[in-house]
Amino acid sequence: MKLQLALDLVDINGAIEVVKEVESHVDVVEIGTPVVINEGLKAVKEVKKAFPDMTVLADLKIMDAAGYEVSQASASGADIITILGAAEDESIKGAVKEAKNQGKQILADMIAVQDIETRAGELDQLGVDYICVHTGYDLQAVGKDSFEDLAAIKKVVKHAKTAIAGGIKLETLPEVINHNPDLIIVGGGITGQDDQAAAAKQIKELINQG
Ligand SMILES: O=C([C@H](O)CO)[C@H](O)[C@H](O)COP(=O)(O)O
């Protein structure tokens with residue numbers, strides 16, 4: 001199980017400062033959708049330039065023009081790029097093809113997918129590298145989580161790695177770990193803490209203990 005730090009509510013300098021604090025405890029750094037909306041792919045480029053050995057994920061949540069958008073994120077230094085699981089199969093295929101050409105990976109985000117199990121099976125066949133169950137901010141606000149969805153996709157996914165995101169904190173981490181996803185994505189559970197390095201360290205230690 002790997003740990004991905006999601007950076008959503010920072011600017012480029014803020015992102016670099018957070019990564020400096022926590023880099024030895026995280027495996028992947030996510031440039032979150034709000035950061036890309038505010039700063040563009042320059043945010044991906046600058047973070048990758050500052051931390052060339054770090055795996056950087058660009059959370060573009062692609063819905064269309066997938067091959068082109070993957071090519072642009074890849075040129076900016078992203079190692080993993082996200083597409084919405086709800087996108088058309090043609091878009092998924094375009095993203096996977098371009099990522100393979102560039103030696104990059106695709107994470108399909110299942111946010112707002114209704115039939116999670118069926119779609120996860122299809123995405124697995126379409127060749128995405130990760131399938132991520134995700135309770136976004138707006139559903140977190142009404143008390144939802146993604147544990148059942150993770151169990152559902154683990155039943156059908158044969159090739160892709162599994163991931164979970166959305167409101168994961170130290171208190172909910174044991175339940176996440178019990179489900180054994182390949183990638184655990186934590187944003188506010190680290191960035192919202194007074195001591196971000198200590199929070200990341202504690203989370204990583206728990207993950208390593210399995
Ligand atoms: O993808 C995310 C969200 O849609 C905003 O872009 C977050 O990165 C993801 O939910 C992880 O962040 P936390 O929920 O704060 O852990």
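Seven nonpolar, eight polar and three charged residues form the shell around the ligand in this predicted model. Of these 18 residues, the ones that come nearest to the ligand are A6, T33, G136, G187 and G188. Several elements of secondary structure contribute to the shell: helix α2 (33-39), strand β8 (183-186) and helix α10 (188-191) each supply at least two of its residues.

A second place to look is the packing of two helices. Two packed helices are described by the angle between their axes and by the distance between those axes. Here the pair is helix α1, residues 12-22, and helix α11, residues 196-209. Their axes are 8 Å apart, and the angle between them is about 55°. Angles under 35 degrees count as roughly parallel and those from 65 to 115 as roughly perpendicular, so α1 and α11 are oblique to each other. The crossing of α1 and α11 is right-handed.

Which residues of α1 and α11 meet? On the α1 side they are V18, E21 and V22, and on the α11 side Q196, A197 and A200. By type, the residues of this contact divide into four nonpolar, one polar and one charged.

The last view is of the annotated span. An unreviewed UniProt entry carries the domain annotation "Orotidine 5'-phosphate decarboxylase", which covers residues 2-203.

Terms used: Residues numbered from 1 in each chain as written. Predicted model: local features only at pLDDT ≥ 70, side-chain atom pairs only at ≥ 80, totals over all residues. Near = placed C-beta within 6 Å. Helix = DSSP H or I, 4+ residues; strand = E, 2+ residues; numbered from the N terminus. Nonpolar A, V, L, I, M, F, W, Y, C, P; charged D, E, K, R; others polar. Axes fitted to C-alpha atoms, helices over the stretch in contact; angles between N-to-C directions. Parallel < 35°, antiparallel > 145°, perpendicular 65-115°, else oblique. Left-handed = near helix turned anticlockwise from the far one by under 90°. Contact = placed C-beta atoms within 7 Å. UniProt positions renumbered as here; feature names shortened; annotations may be inferred.
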